[in-house]
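Q: I am new to this structure and would like to learn how to read its features. Could we begin with the charged side chains?

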Amino acid sequence: MSNSTKILAFAGSARQDSFHKKLVKIAAQGATDAGAEVTFIDLRDYPMPIYDQDLQEQEGFPQSVLALKQFFKSHNGLLIASPEYNSSISGLLKNTIDWLSRSEPDESPLALSCFRGKVAAIMSTSPGGLGGLRGLVHLRAILENIGVIVLPDQKTIPNAFEQFDSQGQLKEQRQQESVQALGKKLAELAMKLQ
């Protein structure tokens with residue numbers, strides 16, 4: 001199993017009952033069905049201060065950041081469900097990317113070891129009619145600029161309050177299968193690039 005493709009799945013939301021955590025778990029099932037080893041993490045378990053270069057230089061990386069960096073480095077692909085906050089990505093997700101993009105002392109500047117060469121699939125849902133689409137535009141630009149290969153396909157689910165059942169699955173079978181297919185496509189590409 002050590003040579004299998006490893007996918008890290010997470011949401012850019014800390015809320016316990018987050019629609020995005022539900023959404024990324026559906027995509028993760030598709031990646032698992034395709035043969036990938038998927039690890040779901042909750043960013044809530046990795047608290048970190050707002051990125052501050054002075055803080056990093058004085059105190060080094062917080063332990064939560066170092067732990068998260070190891071997770072990212074040990075996975076080939078990323079499944080990311082990103083909430084849309086004010087037509088962009090959440091502060092939690094941006095801060096996580098900012099910390100993880102910083103080089104450790106044994107790395108060259110701009111090594112981007114948590115991101116460079118990884119593949120990602122992105123998705124969003126929202127109570128509104130666009131399903132978080134505007135935030136994905138920003139997320140795609142950020143990821144591509146730090147060396148991530150982002151699948152052209154992405155998924156948005158509008159009217160989030162009406163879409164999920166009590167088990168966290170999408171009520172509409174076509175939508176459920178579409179999100180799972182995105183996870184499968186990511187796993188297949190990661191396997192080819194491995």
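A: A salt bridge here is a side-chain nitrogen of Lys or Arg within 4 Å of a carboxyl oxygen of Asp or Glu. Side chains of opposite charge can pair when their charged atoms come close. The model is a predicted one, and the rule gives a count of eleven salt bridges.

Q: Which residue forms a salt bridge with Glu104?

A: The partner of Glu104 is Lys69, and their closest N and O atoms are 4.0 Å apart. This pair links distant parts of the chain: Lys69 belongs to helix α3 (residues 63-73), while Glu104 is in the loop between α4 (91-100) and β6 (119-125), 35 residues apart.

Q: Are Glu104 and Lys69 buried or exposed?

A: Buried means under 20% relative accessible area. Both Glu104 and Lys69 are buried.

Q: Which side chain meets Lys73 in a salt bridge?

A: That of Glu107, at 3.2 Å from N to O. Again the pair links distant parts of the chain, with Glu107 in the loop between α4 and β6 and Lys73 in helix α3, 34 residues apart. Glu107 has a relative accessible area of 17%, so it is buried. Lys73 is at 28%, and therefore counts as partly exposed.

Q: Which residues are linked with Lys69 and Lys73 in a network of salt bridges?

A: The network joins Lys69 and Lys73 with Glu104 and Glu107.

Q: What are the accessibilities of Arg174 and Glu172?

A: Exposed means over 50% relative accessible area, and partly exposed lies between that and the buried cut-off. Arg174 is exposed, because its relative accessibility is 55%. Glu172, at 34%, is partly exposed. These residues form a salt bridge, with the closest N and O atoms 2.6 Å apart.

Q: How many residues of α4 are buried?

A: In α4, seven of the ten residues are buried, so the helix is largely enclosed by the rest of the structure. The buried ones are Leu93, Asn95, Thr96, Ile97, Asp98, Trp99 and Leu100. Their cover includes the strands β1 (6-11), β3 (77-81) and β5 (88-89). The helices α2 (53-59), α3 and α5 (133-145) are also among the elements that cover them.

Note on methods: Residues numbered from 1 in each chain as written. Predicted model: local features only at pLDDT ≥ 70, side-chain atom pairs only at ≥ 80, totals over all residues. Heavy atoms only, no water. Helix = DSSP H or I, 4+ residues; strand = E, 2+ residues; numbered from the N terminus. Buried < 20%, exposed > 50% of the residue type's maximum accessible area, 1.4 Å probe, protein only. Contact = heavy atoms within 4.5 Å.
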